[in-house]
Amino acid sequence: MTPLKQLPAWKVLEQHFKTMRTFDMRTAFREDAHRFDQLSLRCGNLLLDYSKNRITAETMAHLMQLARESDLESTRNAMFSGERINFTERRAVLHVALRAPTRPRLMVEGVDVEHEVALVLKRMQHFVESIHNGSWRGHSGKPIRDVVNIGIGGSDLGPAMVCAALDHHALESVRVHFVSNLDPAHLATTLKHLDPETTLFIVASKTFTTLETLANANSAKAWLLAALRAPAAVARHFVALSTNTEAVEAFGIDPDNMFIFWDWVGGRYSLWSAIGLSIALQIGWGNFQALLAGAHAMDVHFKEAPLEANMPVILGMLGIWYANFWGTDTHGIFPYDQRLRLLVPFLQQLDMESNGKNVNRANHMVNYNTGPIVWGAPGTNGQHAFFELIHQGTRLIPTDFLMAAVNQTPLADQHEWLLANCMAQSEALLKGKPRGVIEAELISQGMSREAARALAPHKVFPGNRPSNTLLYQKLDPHTLGMLLALYEHKIFVQGVVWQINSFDQWGVELGKQLAPPIRAALSSVRAVGEHDGSTQGLIADIRRRRGLST
């Protein structure tokens with residue numbers, strides 16, 4: 001494997017960047033009336049406008065050459081064919097197989113993937129329909145009215161985000177809730193207004209050993225049994241999303257009510273699998289299928305479109321351009337769509353857990369930026385919180401704006417203002433506002449020339465700051481599926497170019513290993529484990545505050 005910085009295209013981009021340092025997008029728009037047409041792309045009802053970037057046609061050609069020299073196309077094909085591209089865990093990466101409506105026969109590790117996925121989907125459909133039609137009853141014979149999904153990480157962020165995004169498609173017969181935090185307040189607050197007789201718990205844990213999930217699941221079981229006073233009630237009020245049959249059965253859940261998924265489904269890619277059971281319960285089986293179909297449409301586009309007309313590839317390579325040549329460290333994502341309020345937390349895990357790596361496929365430390373810090377918030381809230389930094393700060397921050405042409409909650413002209421604000425922000429980032437114009441405005445408003453000169457520098461917008469805009473018709477299950485798959489594949493593209501493994505997450509393990517001895521030391525009269533001076537001091541102070549001897 002040729003190191004990234006030694007690839008010919010990388011060296012060409014280094015030289016090209018030197019010529020682009022003074023590139024001004026405003027000049028580019030004035031000189032090229034067709035810039036938007038040439039630097040925008042449609043896929044289904046999604047429109048990607050990437051014309052407001054510090055790029056030329058030459059820039060994009062060099063970036064696509066880098067993608068080819070990075071073996072993006074062959075690695076993409078390897079993923080779709082079930083090869084073990086997760087090389088540190090020796091696993092295939094096949095979340096795309098979960099959402100293909102017609103699945104070609106695919107054998108992985110001797111398993112017929114098509115057959116296995118179809119079986120689980122069929123069982124999920126039957127269960128979802130039994131809850132909705134009332135044939136599934138709780139222990140006391142009452143139908144289920146509330147569903148609590150207990151999970152963490154990918155077993156929570158994805159389903160919770162989708163349920164929030166598609167709450168306007170929610171069925172009235174069932175309310176879905178999510179509990180993830182180990183803080184007991186999260187579970188207690190959720191259960192406060194629920195009826196044990198009509199509540200179903202989904203325990204989502206692949207290994208059924210996740211500390212946070214099992215702690216919440218055991219507390220939920222205690223709450224249920226305190227009310228229903230019958231161990232047999234657990235089997236009617238708990239289902240599991242797991243692969244550990246023995247642990248599930250020991251908890252009291254009937255193995256027939258365990259929905260499996262596979263080690264080739266990473267947690268942050270798992271909402272398309274049985275982990276999406278809560279989604280299907282909220283929006284119905286037909287809408288869940290539409291979500292899968294939207295993701296599959298983006299899969300097909302990613303797999304078949306030429307790199308130069310491939311939406312995930314374009315977004316991914318633009319990220320490479322800024323992170324590795326302009327030296328940016330963060331990427332802002334601003335959905336002007338309140339229903340996408342949980343999209344950024346979801347994408348934070350998807351991106352930063354995937355590409356937050358510093359060792360390449362050759363087991364060498366990398367000497368370039370990898371995954372960016374992903375952040376953001378829904379518009380227009382973000383405008384009143386941190387857009388000052390994007391417009392006038394010292395850092396260059398590439399941004400994505402997302403907006404729906406049609407809002408499904410019409411209320412006066414608020415959606416028109418929402419769209420106007422979204423486009424105004426991206427236009428302001430592009431155009432900026434120079435000092436001379438500001439001084440002239442202040443003087444015309446009656447301010448003295450001296451005062452105007454003093455104030456004007458504080459009101460200058462530098463402009464020439466990059467952004468992408470993703471426009472879609474309306475936020476429905478199919479569109480959401482496309483958007484999520486788009487970001488999945490963008491992240492994949494960047495991981496391939498950076499020569500890292502986007503599908504493991506060893507970085508979360510050390511904290512898990514250190515937590516048990518710290519937990520024991522908080523209540524033990526003797527020291528448990530060896531800790532640094534800071535941690536020892538914190539443990540001692542907590543014990544003192546609790547009235548325990550130190």
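**Pockets and cavities**

Mentor: Start with the second largest pocket, which holds about 340 Å³ of space. This is a predicted model: local features need pLDDT of at least 70, side-chain atom pairs count only at pLDDT 80 or more, and totals for chains, interfaces and linings use all residues. Residues are numbered from 1 along each chain as its sequence is written, and side-chain values use heavy atoms, with hydrogens and water left out.

Now the terms. Rolling a probe the size of a water molecule over the atoms shows where empty space is left. The search uses a 1 Å grid over the protein atoms alone. A pocket is an open set of points with protein on both sides within 12 Å along at least five of seven lines. A cavity is a set of points where a 1.4 Å probe fits but cannot get out. Lining residues have an atom within 4 Å of a point. Points are joined across faces, edges and corners, and a volume is the space filled by probe spheres set on them.

Back to that pocket. Its lining has 14 residues, and Q338, N407, T409, Q414 and L418 lie nearest its centre. By class, four are nonpolar, eight polar and two charged. Here Ala, Val, Leu, Ile, Met, Phe, Trp, Tyr, Cys and Pro count as nonpolar, Asp, Glu, Lys and Arg as charged, and the others, Gly among them, as polar.

N407 and L418 turn up again in the lining of the second largest cavity. That cavity holds about 70 Å³. H168, Y336, D337 and R339 are among its other lining residues. Five of the lining residues are nonpolar, four polar and two charged.

In total, the structure has five cavities of 30 Å³ or more. α14 (311-326), β10 (330-336) and α20 (477-497) each supply at least two residues. Helices (H or I, at least four residues) and strands (E, at least two) are DSSP runs, numbered from the N terminus. α14 gives the largest share, three residues.

α21 gives the most, five. The classes divide into 14 nonpolar, 14 polar and 10 charged.
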